[in-house]
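Please look through the model below before reading the numbered points. They are arranged by topic, from the interface to the single side chains.

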Amino acid sequence: MTAPVLEVRNLTVDFRSRHHSVTALRDVSFSLGAGRTLALVGESGSGKSVSSLSIMGLLPRNGEITGGAIVYRRKNGGELALNGLSQRAYRNIRGAEMSMIFQEPMSSLNPLFTVGDQIGEMLMLHSDLDAAARRGRVLEMLELVEIPAAASRLDSYPHELSGGMRQRVMIALALVCNPALLIADEPTTALDVTIQAQILDLMRRLQHELGMSILFITHDMGVVAEMADDVAVMYAGTIVESATAGDLFANPSHPYTRGLLNSIPRPGRDPGQRLVPIPGTVPSLSAMPPGCAFAPRCGWAGEECRKPVVLEAFHTGHDVACFKTREVAGNA
Amino acid sequence: MAGTSFAGEPKFLDLLFSRRAVPVALAIFVLILTLCVFAGFIAPSDPDRMSVRSRLTPPGADFWLGADAFGRDVLSRLLYAGRVSLGIGLGVALISSVIGIAIGLSAGFFKRLDGALSRLIDAMMAFPDILLAIALVSILGGSMVNVIIALSIVYAPRIARIVRASTLVIRELPYVEAARALGSSTLSIMFNHVLRNILSPIIVQGTFIFAYAMLAEAGLSFLGVGVDPSTPTWGTMINEGRQYIDQAAFLIFIPGIAISVSVLSLQLIGDGLRDAMDPRLAKEL
């Protein structure tokens with residue numbers, strides 16, 4: 001594998017409020033190889049979005065990176081430490097080198113500007129193309145994201161487009177400057193299932209054609225199976241299991257991962273078999289249990305689970321943060 | 001839908017005029033403005049010429065809109081007064097909007113400035129409008145320009161408060177976050193993404209301020225701190241006519257109608273502008 005495009009090492013992020021501070025990310029490490037897709041999976045509040053916002057430098061004012069490093073390999077090969085980068089420097093790489101698409105295609109576009117203008121603004125910010133060249137490039141992008149009758153859509157306003165079309169426009173907007181890294185924060189959650197499949201197909205095809213790396217944030221294991229090369233499962237601000245997608249689905253070795261997989265229907269299951277939900281809820285960040293954060297909800301938990309647990313290699317390329325890995329995996 | 005795209009972008013003016021009241025209101029407002037600007041050529045007589053014999057003459061052949069308590073021609077005074085009143089109204093509406101937008105956007109956008117600026121807005125709004133205006137005019141001295149400056153300062157907090165509130169809402173919308181994630185600068189976000197989306201309430205408030213300013217100017221003149229009292233304004237004409245309301249009610253109705261008609265037409269124009277600038281509404285017209 002070539003050098004990773006993005007490497008996050010031991011990232012810790014704290015959020016301060018007036019009286020206390022909570023740790024939203026604890027010692028999170030992952031790396032995203034060139035041209036690969038890494039899925040960050042987890043429930044709401046597990047720290048997926050905080051991870052992506054830290055990478056983009058868009059943490060809210062009360063959030064602070066208190067430890068670790070985020071290293072991005074630029075298109076020209078140079079390494080860039082993203083934590084501690086000035087806002088000005090960030091602006092130059094956002095959109096140009098790393099882009100992001102969001103969950104709500106319905107409200108992620110400015111209602112007062114045409115689609116063409118909004119995509120064109122990106123080129124105005126990050127290239128020296130003149131107006132005619134920009135328009136040509138925008139048209140090219142709209143065709144690339146398979147918008148029918150692209151030429152007549154240039155002057156459409158967002159409200160004239162359907163949700164799926166708007167998400168295609170968002171993708172065009174994010175990719176018009178050929179970024180090396182695309183962060184997709186639940187890009188299909190707000191869409192119909194059929195449209196979801198189209199958008200995922202589109203993203204896979206574009207990744208293939210443009211050679212970008214994708215950090216895919218989702219809570220949907222089905223989408224993970226569809227999209228990801230590598231998977232990192234997050235729980236309560238830490239990564240509890242990370243492996244290649246094939247390995248993870250074949251040998252889920254953390255109780256939480258197994259719980260996630262058991263709680264969704266899969267073809268080939270015995271029709272009478274009930275889905276198994278994970279009991280309880282994610283602990284509040286300000287009231288973390290000692291030791292393994294998942295222990296209170298875990299059927300395998302024992303005495304040793306009260307001690308701090310770290311991510312360790314279970315076998316090559318498959319890391320798990322659990323004392324009971326062997327029992328869990330053996331039970332598969 | 002697609003039809004408009006093929007026919008080219010719908011023209012701004014077409015959109016503006018597709019609301020039927022707008023061309024009428026625009027015509028009326030331009031007519032009033034023209035009549036007042038060219039008062040020197042149009043007015044039938046000198047607005048200051050007095051004639052005791054014709055005092056309080058009702059509208060008729062000699063005096064189309066009657067004569068006031070000093071026998072001065074109301075029509076001529078109305079036209080000359082319009083220059084000052086409209087000038088003050090428009091000037092205050094524009095300047096207070098600019099100041100209000102600057103303060104409101106900064107307060108809404110930069111958390112660090114918000115506390116100080118919001119307290120300043122609250123403090124200024126706690127003063128009765130007219131009292132603050134009197135204080136400012138007394139400091140600056142009485143002239144039309146100073147009255148405009150003073151009233152602009154008085155009304156700017158109203159705009160600022162609306163702009164701040166709207167900015168706080170728009171700032172958190174996903175498309176603003178998306179613009180930031182895709183590399184837009186703070187200034188571009190402030191003006192392209194936030195200001196453009198809060199123009200409607202600003203325009204509506206601006207037309208209100210236009211009306212308030214004309215009335216406040218009358219109050220200032222009445223209290224002797226406004227424009228030079230010998231200069232007629234619509235507000236002072238109403239004030240002077242007040243004493244004769246039982247004998248010659250037209251003295252207050254005529255300038256009153258002038259104020260109402262210009263405010264109404266400006267508000268209709270403002271509504272039209274607001275709709276024409278919003279592509280979502282424009283489609284339905």
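1. Buried area is the accessible area (1.4 Å probe) that two parts lose on being put together, summed over both. For chain A and chain B that area is about 2,600 Å², and carbon and sulfur atoms give 61% of it. Chain A puts 31 residues into the contact and chain B 27 residues, where contact means heavy atoms within 4.5 Å.

2. Residues are numbered from 1 along each chain as its sequence is written, chains are lettered from A and ligands numbered from 1 in the order in which they are written, and side-chain values use heavy atoms, with hydrogens and water left out.

3. On confidence: the predictor gives the complex an ipTM of 0.74 and a pTM of 0.78. The average pLDDT of chain B (pLDDT is the predictor's confidence in each residue, from 0 to 100) is 86, and 94% of its residues score at least 70. Residues 1-8 of chain B have a pLDDT below 50, and this stretch has five contacts in the model beyond near neighbours in sequence. Where pLDDT is low, the predicted coordinates should not be read in detail.

4. Chain B has 14 helices and zero strands. Helices (H or I, at least four residues) and strands (E, at least two) are DSSP runs, numbered from the N terminus. The C-alpha atoms of chain B fill a box of roughly 75 × 50 × 30 Å along the principal axes. Of the contacts in chain B between residues at least 6 apart in sequence, 73% join residues at least 24 apart. Buried residues account for 48% of the 285 residues in chain B; buried means under 20% relative accessible area, exposed over 50%, and partly exposed in between (1.4 Å probe, protein chains only).

5. Which residues of α12(B) are buried? They are Trp234(B), Gly235(B), Thr236(B), Met237(B), Asn239(B) and Gly241(B). Helix α12 (residues 234-241) of chain B is largely enclosed by the rest of the structure, because six of its eight residues are buried. The cover over the buried residues of α12(B) includes α3 (21-37), α5 (74-109), α11 (199-222) and α13 (250-277) of chain B.

6. A nonpolar core is a set of buried Ala, Val, Leu, Ile, Met, Phe, Trp, Tyr and Cys residues joined through side-chain atoms within 4.5 Å. The largest one has 76 residues, and Leu6(A), Phe30(A), Ile55(A), Leu82(A) and Met203(A) have the most contacts inside it. Helix α6 (residues 163-175) of chain A supplies the largest share of this core, seven residues. Apart from it lies another core of 33 residues, including Ala150(B), Ile209(B), Ala216(B) and Val227(B). Leaving aside neighbours within four places in sequence, the contacts of Phe30(A) include Leu6(A), Leu38(A), Ile55(A) and Ile239(A).

7. Over all chains the salt bridges number 24. Glu64(A) pairs with Arg16(A), with the closest N and O atoms 3.7 Å apart. Glu64(A) lies in strand β4 (residues 63-73) and Arg16(A) in strand β1 (residues 4-16) of chain A, so the pair ties together parts that are 48 residues apart in sequence. Glu64(A) is partly exposed at 39% relative accessible area, and Arg16(A) is partly exposed at 42%.

8. Arg205(A) and Glu209(A) form a salt bridge with the closest N and O atoms 2.8 Å apart. Both lie in helix α7 (residues 193-210) of chain A, four residues apart, about one turn of the helix. In chain B, salt bridges that share partners join Asp48(B), Asp68(B), Arg72(B), Arg77(B) and Glu240(B) into one network.

9. The structure holds zero disulfides over all chains, a disulfide being a pair of cysteine sulfur atoms within 2.5 Å. For Cys322(A), the nearest cysteine sulfur is that of Cys305(A), 6.0 Å away. Cys322(A) is buried, at 15% relative accessible area.

Conventions:
This is a predicted model: local features need pLDDT of at least 70, side-chain atom pairs count only at pLDDT 80 or more; totals for chains, interfaces and linings use all residues. A salt bridge is a side-chain nitrogen of Lys or Arg within 4 Å of a carboxyl oxygen of Asp or Glu.
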